[in-house]
Amino acid sequence: MTHDVIVVGGAFAGMSAALQLLRARRTVLVIDSGERRNRFASHAHGFLGNDGTPPGEIAAVARRQLEAYPTLDWIDARVTEVEGSKEAFAVTLEDGSRHKGRRLLLATGVKDDLPEIAGLAERWGRHVFHCPYCHGYELNQGPLGVIASGSMSIHQAELIPEWGPTTFFVNGALTLDEAQRASLTARNVAIEETPVTGIEGEAEVRLADGRLIALAGLFVASRTTPATPLAERLGCRLEETMLGLQIATDPMKETSIAGAFAAGDVARMPHSVALAVADGAFAGAAVHRSLVF
């Protein structure tokens, strides 16, 4: 069987796109590896109608709703290869099986590259975050920290004081000029130059001089890259953004490969559940239009 559309990635953007296509009575195959980016977070915030709901619960409800449509096929598996062109795409799974589709939608998400600080990765999504709109409110205006990872961290440090008194841990990741220091000081940001050696407790920052700074939460501007190399292998053009590498698309979410589309964190910035759902909905409609016209 050749599906109208193969969606690689069954998280929020992929399911949102699939919903539009299913409601247009198109045959859709969703292939999902089960590794949502926000799987580490206990609750999702800032998503209208689901504020405070565990992200896994949102995803489970969404999948059940998709499964009510008879033209959906869903496979829990990892895609290892994509190939082909418009009207004749093919994906290969880990077990060697191949599936064909007239259109391809990549909603594979991204991976977060974090500073190599002991204890930081283990707290990602629980006590260390990237988005204050998603997690800042719950920190109850307690003392917060921003660990520098690059130039984007300066903007982050200027913004975080909206949610609590903020310390900016430069950690050797950049050199602040006078204007940047003045801007941070104007936002009442404390600048800490001593290197960070580890994260302890929930969000306690251990410094090289032995000090331990207790915080309500930490923020890091992670560098993101596509979670899989599939787009690059297909030949899709990638582009560098202030947040990292993503799949380049045109205004209708089509990649540089005709008939192949991309949506969600892997193809837009900034990132959140709400924005991924919106991007997926638009991409799904765009894919449908490409099948009609």
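**Briefing: one predicted protein chain**

Buried residues make up 51% of the 293 residues in the protein chain. Here, buried means under 20% relative accessible area, exposed means over 50%, and partly exposed lies in between, using a 1.4 Å probe and protein chains only. This is a predicted model: local features need pLDDT of at least 70, side-chain atom pairs count only at pLDDT 80 or more, and totals for chains, interfaces and linings use all residues. Residues are numbered from 1 along each chain as its sequence is written, and side-chain values use heavy atoms, with hydrogens and water left out.

**Overall build**

- The secondary structure of the chain comes to seven helices and 19 strands. Both are DSSP runs numbered from the N terminus: helices are H or I with at least four residues, strands are E with at least two.
- Along the principal axes, the C-alpha atoms fill a box of roughly 65 × 35 × 35 Å.
- Among contacts with a separation of 6 or more, 56% are between residues 24 or more positions apart. A contact means heavy atoms within 4.5 Å.

**Surface and charge**

- The chain exposes about 13,500 Å², and carbon and sulfur atoms supply 51% of it. Accessible areas come from the Shrake-Rupley method with a 1.4 Å probe; for residues, only the protein chains shown count as cover.
- There are 27 positive and 35 negative side chains, and the centres of the two sets lie 7 Å apart. Lys and Arg count as positive, Asp and Glu as negative; His and the chain ends are not counted. Each charge is placed at NZ of Lys, CZ of Arg, CG of Asp or CD of Glu.

**Strands around β6**

- Strand β6 (residues 98-106) runs parallel to β1 (residues 2-8), joined by six bridges. Two strands pair if DSSP finds at least two bridges between them.
- Val5 stands opposite Arg103 in β6.
- Strand β5 (residues 88-93) runs antiparallel to β6, with four bridges. Ala90 has Lys100 in β6 as its bridge partner.
- β5 and β6 form a hairpin with four residues between them, and Gly96 in the turn has a positive phi of about 90°.
- β6 also runs parallel to β19 (residues 260-262), over three bridges. There, Leu105 is partnered with Phe261 in β19.

**A five-strand sheet**

- An open sheet has the order β8-β15-β9-β10-β11, with parallel pairing.
- β8 (128-129) and β11 (190-192) stand at the edges with a single partner strand each, so one side of each has no neighbour in the sheet.
- β10 (residues 166-169) and β11 pair in the parallel sense over three bridges. Thr167 has Ala190 in β11 as its bridge partner.

**Two buried residues**

- Leu66 lies in helix α2 (residues 55-66). Its relative accessible area is 3%, so Leu66 is buried.
- Leu66 touches Met15, Ala18, Leu19, Leu22, Leu72 and Trp74, not counting residues up to four places away in sequence.
- Leu66 and Ser16 are 50 residues apart in sequence and 9.2 Å apart in space, C-alpha to C-alpha.
- His127 is found in the loop between β7 (110-113) and β8. At 17% relative accessibility, His127 counts as buried.
- Leaving aside neighbours within four places in sequence, His127 contacts Glu202, Ala203, Gly217 and Leu218.
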